[in-house]
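Please look over the sequence and the model shown below.

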Amino acid sequence: MTRELILLRHAHAESAKAGGDDATRPLSARGITEAEDAGAWLREHHALPARVLCSPAQRARQTLERALGEVGAMLEPRIYDATAGGLIALIDEHVDVGRLLLVGHNPGFETVVALLTTGQSGDFRGMPPGGIAWIELAGAAEPGAGRLKAFWAP
């Protein structure tokens with residue numbers, strides 16, 4: 001069974017404040033535009049998800065809201081500060097979904113894209129803020145098992 005995974009990295013956020021909580025940083029004005037553009041790209045390419053998992057961080061939730069509006073996303077705390085291995089395990093928990101969208105953070109997202117599509121992580125730096133990676137998977141999310149169907153960056 002072929003399934004699709006879409007990773008949407010949160011758009012640009014306000015800079016961290018001294019002593020502030022990283023999880024509560026909101027999108028910047030630039031980030032709002034990036035998120036809206038990401039949503040337009042997803043709609044234009046008929047890439048709307050069947051299920052959405054979103055990091056609980058404010059900037060990730062705002063990215064999703066600006067991109068797709070109210071889509072009934074599940075907040076998934078494991079996405080925040082996740083390793084590639086943790087993200088792959090999470091992806092495989094949703095093997096029943098034809099198209100899964102994750103909204104979250106680097107470095108986990110860029111490492112997962114590299115691992116799934118090339119089998120290696122190396123120094124891959126390919127998920128800018130607001131970036132989208134659309135991957136086809138034929139089975140389990142394993143290194144090298146995916147094909148990059150599309151990539152977009154603001």
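Predicted model: local features only at pLDDT ≥ 70, side-chain atom pairs only at ≥ 80, totals over all residues.

## A covered strand

Strand S4 is mostly covered, with six of its six residues buried, where buried means under 20% relative accessible area, exposed over 50% and partly exposed in between, for a 1.4 Å probe and protein chains only.

Residues are numbered from 1 along each chain as its sequence is written, and side-chain values use heavy atoms, with hydrogens and water left out. Helices (H or I, at least four residues) and strands (E, at least two) are DSSP runs, numbered from the N terminus.

## The sheet

Six strands form an open sheet with mixed pairing, in the order S3-S2-S4-S1-S5-S6; two strands pair if DSSP finds at least two bridges between them. Strand S3 (74–75) and strand S6 (146–152) stand at the edges, each with a single partner strand, so one side of each lacks a neighbour in the sheet.

S1 and S4 run parallel and are joined by six bridges, and Leu 8 has Val 103 as its bridge partner in S4. S2 and S4 also pair in the parallel sense, over four bridges, with Leu 53 opposite Leu 102 of S4. By contrast, strand S5 (residues 132–138) pairs with S6 in the antiparallel sense over six bridges, and Leu 137 stands opposite Gly 146 in S6.

## Helices H1 and H2

Helix H1 (residues 29–44) packs on the sheet, touching strand S1 (2–9), S5 and S6, and its direction makes about 125 degrees with that of S6. Helix H2 (residues 58–68) likewise packs on the sheet, where it touches S1, strand S2 (51–54), S3 and strand S4 (99–104), and its direction makes about 130 degrees with that of S4. Axes here are lines fitted to C-alpha atoms, for helices over the stretch in contact, and angles run from 0 to 180 degrees between N-to-C directions.

The axes of H1 and H2 come within 7 Å and cross at roughly 50 degrees. H1 and H2 are therefore oblique to each other, given that angles under 35 degrees count as roughly parallel, over 145 as roughly antiparallel, 65 to 115 as roughly perpendicular and the rest as oblique. H1 passes H2 in a right-handed crossing, that is, with the near helix turned clockwise from the far one by less than a right angle. The contact (heavy atoms within 4.5 Å) involves Ile 32, Ala 35, Glu 36, Gly 39, Leu 42 and Arg 43 of H1 together with Thr 63, Arg 66, Ala 67 and Leu 68 of H2.

## Helices H3 and H4

Helix H3 (residues 84–92) and H4 have axes that come within 9 Å and cross at roughly 70 degrees, and the two helices are therefore roughly perpendicular to each other. H3 passes H4 in a right-handed crossing. Ala 84, Leu 87, Ile 88 and Ile 91 in H3 meet Gly 108, Phe 109, Thr 111, Val 112, Leu 115 and Leu 116 in H4.

Glu 110 also lies in helix H4 (residues 108–118), and at 5% relative accessibility Glu 110 counts as buried.
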